[in-house]
Amino acid sequence: MTLYNELPATFVTTNVDKLINWGRASSLWYLLFGLACCGIELMQTGGPRADLDRFGSVPRATPRQADLMIVAGTVTLKMASRVKLLYEQMPHPKYVISMGSCANCGGLFDLAYSVLRGVDKVIPVDLYVPGCPPRPEALTEGVLEIQDKIHRERYLTRNP
Amino acid sequence: MKAEEIHQRLQACLPDGVGDLHTECTDPWIAVRPGAIAAVARVCKEDPELRFDFLSNLSGVDAKESILVVYHLYSYALRHSAVLKVEVPKAEPATQTVTPVWRGANWFEREAFDLFGVRFDGHPDLRRLLLPEDWEGHPLRKDYVFPTHYGGIDNTRDYNL
């Protein structure tokens, strides 16, 4: 935890970057957006057993309220421009998890005429989660890795 | 009814449009001339001895020089089935729509148009069904060349990484 207490009673001392990052990392709202069978695992990750909500990650049904895009599934060429549009509608700062083999590199559909060979051809990706599809534990770890990445950022001093 | 009886009945109704019966395969099929499929479909649906009330599938086959449009018919009323095939030239693949006979043919024919480029004359709304409207080519043809780019996206991949 990045908050630490040197004074007794009701005071907490920290620096502003760490406080902001603590807040950002603990409210990582993701875009409710499934494309294929990975979408089923994404739902399981948000469900009661894996319970992604306990890390402050809740699904949002609009990109304008989302911080994190989880590209869960096969991105077809027809869908690629829509994925890009959704990404562009998200406010900064925003993060992308590419979930599963299809979103990572085309996966099973590598030789298909209609499938994009990796979502990183249209949007920047922060983290790749391997698997076909990845288990909820794997996606949970992916979200925790994004939280670690947020903690390492210097949010206030990044763009002076 | 057996396939032979269905074939005889169809030939009796429309001698010009209906070709031979082929029985050398699992599902016997009846060849139909491209210009006659609408009339044949109408007879199949409305003839009291045939009563094919359901078009269970409409698909396409690339047969190198030509494209086959395959109709799988079923009669819930009489519990018999039939397969019709229409052979159209690959250079100018045009046949007639059966949408007025079976409403379900609408999207089947759009799909066949999308993936094989078969033109169904008289179709109410012949657009691509699955692929984007600006897609080039018809992917299920054997001579289809896979695109490397689409809509400004480079979709090539270096396999030697």
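## A buried arginine in chain B

B:Arg141 is buried but has no salt bridge, and its nearest oppositely charged side chain, B:Asp143, sits 5.2 Å away. Buried here means under 20% relative accessible area, with exposed over 50% and partly exposed in between (1.4 Å probe, protein chains only). A salt bridge needs a side-chain nitrogen of Lys or Arg within 4 Å of a carboxyl oxygen of Asp or Glu. For charge, Lys and Arg count as positive, Asp and Glu as negative, while His and the chain ends are left out.

What lies 2.7 Å from a polar atom of the B:Arg141 side chain? That's the backbone oxygen of B:Phe116. Leaving out residues up to four places away in sequence, B:Arg141 touches several residues, including B:Asp62, B:Lys90, B:Leu115 and B:Phe116 (contact: heavy atoms within 4.5 Å). B:Arg141 belongs to the loop between strands S7 (119–121) and S8 (149–150) of chain B; helices (H or I, at least four residues) and strands (E, at least two) are DSSP runs numbered from the N terminus.

## How to read the numbers

This is a predicted model: local features need pLDDT of at least 70, side-chain atom pairs count only at pLDDT 80 or more, and totals for chains, interfaces and linings use all residues. Residues are numbered from 1 along each chain as its sequence is written, chains are lettered from A and ligands numbered from 1 in the order written, and side-chain values use heavy atoms, without hydrogens or water.

## Positive phi in chain B

Two non-glycine residues are worth a look. B:Lys64 has a positive phi near 60° and sits in the loop between strands S3 (54–63) and S4 (66–75). B:Lys64 counts as exposed because its relative accessibility is 69%.

B:Arg79 has a positive phi too, about 55°, and lies in the loop between S4 and strand S5 (80–89). At 67% relative accessibility, B:Arg79 also counts as exposed.

## Chain A at a glance

Chain A has 6 helices and 5 strands, running α-β-α-β-β-α-β-α-β-α-α along the sequence. Its C-alpha trace spans about 65 × 40 × 25 Å along the principal axes, and 44% of its 160 residues are buried.

Now for the cis peptide bonds. One joins A:His92 and A:Pro93, with omega about -10°; A:Pro93 is in the loop between helix H3 (77–89) and strand S4 (95–99). Another joins A:Cys132 and A:Pro133, with omega about -10°, and A:Pro133 is in the loop between strand S5 (127–129) and helix H5 (136–152).

Key. Polar contact = N/O pair within 3.5 Å; in protein donor to acceptor, adjacent residues only side chain to side chain.
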